[in-house]
Amino acid sequence: MAIYSRYLLTQIARPMITAILVALIALLAERTLRVIDLVVGWRGSLFIVFEMLGYLIPHYMGLALPVAFFLGILLTFSRLSREGELAAIYASGAGLPQLLRPILVAAMALAVAVALLVSLLQPYARYAYRAATYALTNATFTTLLQDGLFTTLGDTTYMVEKISEDKSQMERVFLYKGGTDRDSVTITAARGHAERAGPTEPIVLKLQDGLQQLVPRHTGDGARQSSSGEVVIRFREFETELANPDANFRPRGEDEREMTLYELWAARGSPPAGVDPWEIESELAGRLVRILSLPLLPLMAIPLAIDRVRGQRSYGLVVGLAMLIAFHQVLQVGEALADNNKLPTWLALWVPYALFALASLLMFLRAATRVPDPRFGIWLDQQFDQIGRLLPRRRAAATPG
């Protein structure tokens, strides 16, 4: 069986990898336009576009992996059945249960990968994407600066005599930060350069050839301390972080979809503020159902691929994708209902999963223990041929004489 295992897994991996790449390209292409529009509109760099698209990959991988695995099994066994290789394998003494074993091992490995995606990578990536969007769409230091105008952001006042169009290069920079209850700092520099390591990171202002003056705050009786307390420093290079104090993004975890699987499990009895207990339960159940669905896919894909004897067409691909999409939509609707406390979690999510598992198991047992009836395939082809013969007549009748 080692030869069969390697052969089957190799044949399944090829269409699976192709399907993953096609799905990621198609899903990211639609979102890329919106990300570019967002970044360009707020004068972001091309690097931020790729960084934000990278945050979306874990989410789309969670969608693409099950579908690609299902398609890989379906296409592989359909080809084996169509070209007679499956009959040769049967003749060697191996049956479907033996062929299922390596595929189940691969399904378990993929289930672990999906578990890592939905429990760790997706929550952190979702939070990072939202934080990046928030950082881009909120006013920051560079978006407010204008040539020769004083700008106050928080407790700091800025003035730049000349700034480049991309808001990165500056000449003759002035900064003042102070108040009645704190020391005041004044910085002047001949040149400056603003840069940001990432969309969620604060802006770093790098100054060259300037002065920094520190003036101690007033004493309690209103008299200023002696002038000897003032400090003036001349510098060649100086760095300071600049950010709007009101533009800090909220901490992670205020949305249940940003919580890891362990955090969801721990928060069942005591959810964080702003999150209801049923929202935690629906999110936790939704992720577990999607993880546990991976081992069921081979049980459904294999019968759909080979249960066609003496038929002119194969309907397994269409039927399988329809069933998989329907199951995904049912889970989405059920999760929404459970999230809004309209249905209990067990009824909205676990019952559809149990029905899907039962249907997959029955389909595989039927394919493994019974010889397919050729009459059904022949009858199905005849019905589609009859429909195909009617369509040209209808078109001809609808065409004006």
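The legends below describe several close-up views of a predicted model. Residues are numbered from 1 along each chain as its sequence is written, and side-chain values use heavy atoms, with hydrogens and water left out. Local features need pLDDT of at least 70 and side-chain atom pairs count only at pLDDT 80 or more, while totals for chains, interfaces and linings use all residues.

View A. L71 belongs to helix α2, residues 46–82; helices (H or I, at least four residues) and strands (E, at least two) are DSSP runs, numbered from the N terminus. L71 is buried, with a relative accessibility of 18%. Buried means under 20% relative accessible area, exposed over 50%, and partly exposed in between (1.4 Å probe, protein chains only). Leaving aside neighbours within four places in sequence, L71 contacts A19, L317 and L321, where contact means heavy atoms within 4.5 Å. M16 is 55 residues from L71 in sequence, yet their C-alpha atoms are 6.6 Å apart.

**View B. The salt bridge between R34 and E30.** A salt bridge is a side-chain nitrogen of Lys or Arg within 4 Å of a carboxyl oxygen of Asp or Glu, and the whole structure has 12 of them. In the one between R34 and E30, the closest N and O atoms are 2.8 Å apart. Both residues lie in helix α1 (residues 2–41), 4 residues apart, or about one turn of the helix. R34 is partly exposed at 46% relative accessibility, and E30 is partly exposed at 44%.

**View C. The salt bridge between R287 and E283.** The side chains of R287 and E283 meet with an N to O distance of 3.0 Å. Helix α7 (residues 277–292) holds both residues, 4 residues apart, about one turn of the helix. Both R287 and E283 are buried.

**View D. A network of salt bridges.** R130, D255, R257 and E258 are linked through salt bridges. D255 is buried, at 16% relative accessible area, whereas R257 is partly exposed, at 37%.

View E. Most residues other than glycine have a negative phi. D209, which is not a glycine, has a positive phi near 55°. D209 sits in strand β5, residues 203–215, and is partly exposed, with a relative accessible area of 35%. N341, also not a glycine, has a positive phi of about 60°. N341 is found in the loop between α9 (316–339) and α10 (345–369), where N341 is partly exposed at 45% relative accessible area.
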